[in-house]
Amino acid sequence: MSLQLKGAGGAPGIAIGRAFCFQAEPAPGMHAQIGERPDAAMERFTAAQAAAAARLNALAEQQRADGFEQEAGIFEFQALLVEDPALTGEVARLVREEGQPLDAALSAAVALVRASIAGIDDAYLRERAADVDAVGKEIRKALYGAGPSLAAVPAGAIVVAPDLTPAETAELRGGVAGFATAYGGATGHTAILARAMGIPAVVGLGADALAIADGTELILDGSESLLIAEPTPEQRAAYAQRASAESTLSQQRRLAFRDQAGRLADGHAVGVWANIGRPDEARAALDNGAEGVGLFRSEFLFLDRTAAPSEDEQFAAYRAALEIMAGRPVVIRTLDIGGDKPVPYIDMPREANPFLGVRGLRLCMRRPDLFATQLRALLRAAAHGDLWIMLPMVATLDDLRWGRAQLHAAADALAAEGVAHRADACLGIMIETPAAAVTADLLAREAAFFSIGSNDLTQYAMAADRGQADLATRYPHDSPAVLRLIAQAAEAAKRAGIPLGVCGELAGVPEAAVLLAGLGVNELSMAPAAIPIVKERLRQVSFEQAGEMAREAMQLLIRSNV
């Protein structure tokens, strides 16, 4: 007899498979170390905090490399929460003053901090209490070992769990069909991450979900927040037909627009490009119809290693992406890291606010040797395709001029050595600081192109940390203030006759893509999977209609459907 459970939300899609029951949390107290000195316990705790934060920051970088900028903020927020003074202080008090074992102290501190958040009179903020639980799990893993892993879930299985942390959700790769949890809500980070990753999911099913036995046949309908255990033959056939139809529609959309240029209904061209984090991701970009790469994040070459990448290693990576794109433009952003992404071979002071500190081009000014090596590799690779070089974190005209001087110096050195390169590669900048947006008319005189990083531009313009999900919701990327800054940059680019792109998350949202086109943006760059649906949406409106929608959005008027 089939059992149907209704959840509180999730991620769309249909999954049919066998249950894989997952329980990650160890039994309470099993790791208690009786008689451990408080100083030794706190040393272990501090080391575990550092390890947990490093793991969460690495997950953030992976999400960003996959094109999920906002989702990366989930892990960055949790990395900060790992070292939250309230949590650390309570653990220290319980260990030092009350003599509790570290494991018990950690459990009690997590419960206390969680309770303080869960009592807030705001449903969305209450769900942030789950982040405290997730952070507690990450610290425990660092203390006592990783424990059960979701990386080995059989292909086609549906994971059933009490709840999943965002870090556990990020492990769900390699063909997992979907997941279902007893707890959690529609605005929780686990559900948000599932939607970004395209994994069908249902959350908040209640305790009855935990009675489902391992291996039970399941049907999961994420769009309806429904889980069916032991379905009837009729239910199985109906859902199999629906899943097939949805898959066919998605494939048809991808094929229909793969070889079509991005344009509006009246033929007005709007390039639809891809964001990538590694050379091999350029293949997925082409498969989805990318007309170019609007953002190649070069950070993957510099992170998770003990020494900087060599010039030859960088050259090989850049050349590989160019060759895959076969003559299409590839915009490569120079090194963009800062104090929030510590690198062991770069001596960087701990900063109170790393997003306003030494990051992006500012770090390159501190380490011109790293920058020179990267510029040499980029100029060498430029001889093998249409490579554009983009400088991040530009705030002044002097920043741009310094970057150009370094590029000329690298070209002169290569010429003197007789090394093949292309000295005239386009040099442009990211518009991600309000300073750059409001002086775009000055910068446009000397930059070959602009690319708006809507994520950071929103963060700086709205004074809202993008890593805090509640702030990101209250101060979104498409707020009038941000759109007006984009419009200002677009007007400056138009007058100077240089191209303007958007490579932030905003570009991959179909409705937002229409607004950006209406503001005069020439190129939209996004996660490859978003390309077909954005192309489809753009073709439904004319340039005049898109412009009217953009003007209404900037004036806080109600947007009408076109």
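Residues E90 and R93 both belong to helix α3 (residues 85–96), where a spacing of three residues sets them about one turn of the helix apart; helices here are DSSP runs of H or I of at least four residues, strands are runs of E of at least two, and both are numbered from the N terminus. The model is a predicted one, in which local features need pLDDT of at least 70 and side-chain atom pairs count only at pLDDT 80 or more, whereas totals for chains, interfaces and linings use all residues. Residues are numbered from 1 along each chain as its sequence is written, and side-chain values use heavy atoms, with hydrogens and water left out.

The side chains of E90 and R93 meet in a salt bridge with an N to O distance of 2.9 Å, a salt bridge being a side-chain nitrogen of Lys or Arg within 4 Å of a carboxyl oxygen of Asp or Glu. With a relative accessible area of 14%, E90 is buried, while R93, at 30%, is partly exposed; buried denotes under 20% relative accessible area, exposed over 50%, and partly exposed the range in between (1.4 Å probe, protein chains only). An α-helix has 3.6 residues a turn, so residues three or four places apart point the same way.

A salt bridge of 2.9 Å (N to O) likewise joins the side chains of E491 and R495, which are four residues apart in helix α19 and therefore separated by about one helical turn. Of this pair, E491 is partly exposed, with a relative accessible area of 36%, and R495 is exposed, with a value of 72%. A further salt bridge is formed by R404 and E446, whose closest N and O atoms are 3.4 Å apart. Because R404 lies in helix α14 (residues 397–417) and E446 in the loop between α16 (440–443) and β14 (450–452), the pair ties together parts that are 42 residues apart in sequence. E446 is partly exposed, at a relative accessible area of 22%. The structure holds 27 salt bridges, and a network of them links R55, K137, E138, K141, E168 and E171.

Among the strands, β11 (residues 330–333) directs V330 and I332 one way and V331 and R333 the other, and all of these residues are buried. Strand β10 (residues 293–297) runs parallel to β11 and is joined to it by three bridges, pairing being assigned if DSSP finds at least two bridges between two strands. Strand β12 (residues 387–391) also pairs with β11 in the parallel sense, over four bridges. I332 stands opposite F296 and has I389 of β12 as a bridge partner.

S525 lies in strand β16 and counts as buried because its relative accessibility is 0%. A polar atom of the S525 side chain lies 3.2 Å from the backbone nitrogen of G294. Beyond residues up to four places away in sequence, S525 touches W273, A274, N275, G294, L295, V502, C503, G504 and A507, contact meaning heavy atoms within 4.5 Å.

Helix α20 (residues 510–519) is mostly covered, eight of its ten residues being buried, namely A512, A513, V514, L515, L516, A517, G518 and L519. The elements covering these buried residues include α19 (480–496), β15 (500–502), β16 (523–526), α21 (531–538) and α22 (543–554). Just after α20, G520 adopts a positive phi of about 105 degrees.

Conventions
Polar contact = N/O pair within 3.5 Å; in protein donor to acceptor, adjacent residues only side chain to side chain.
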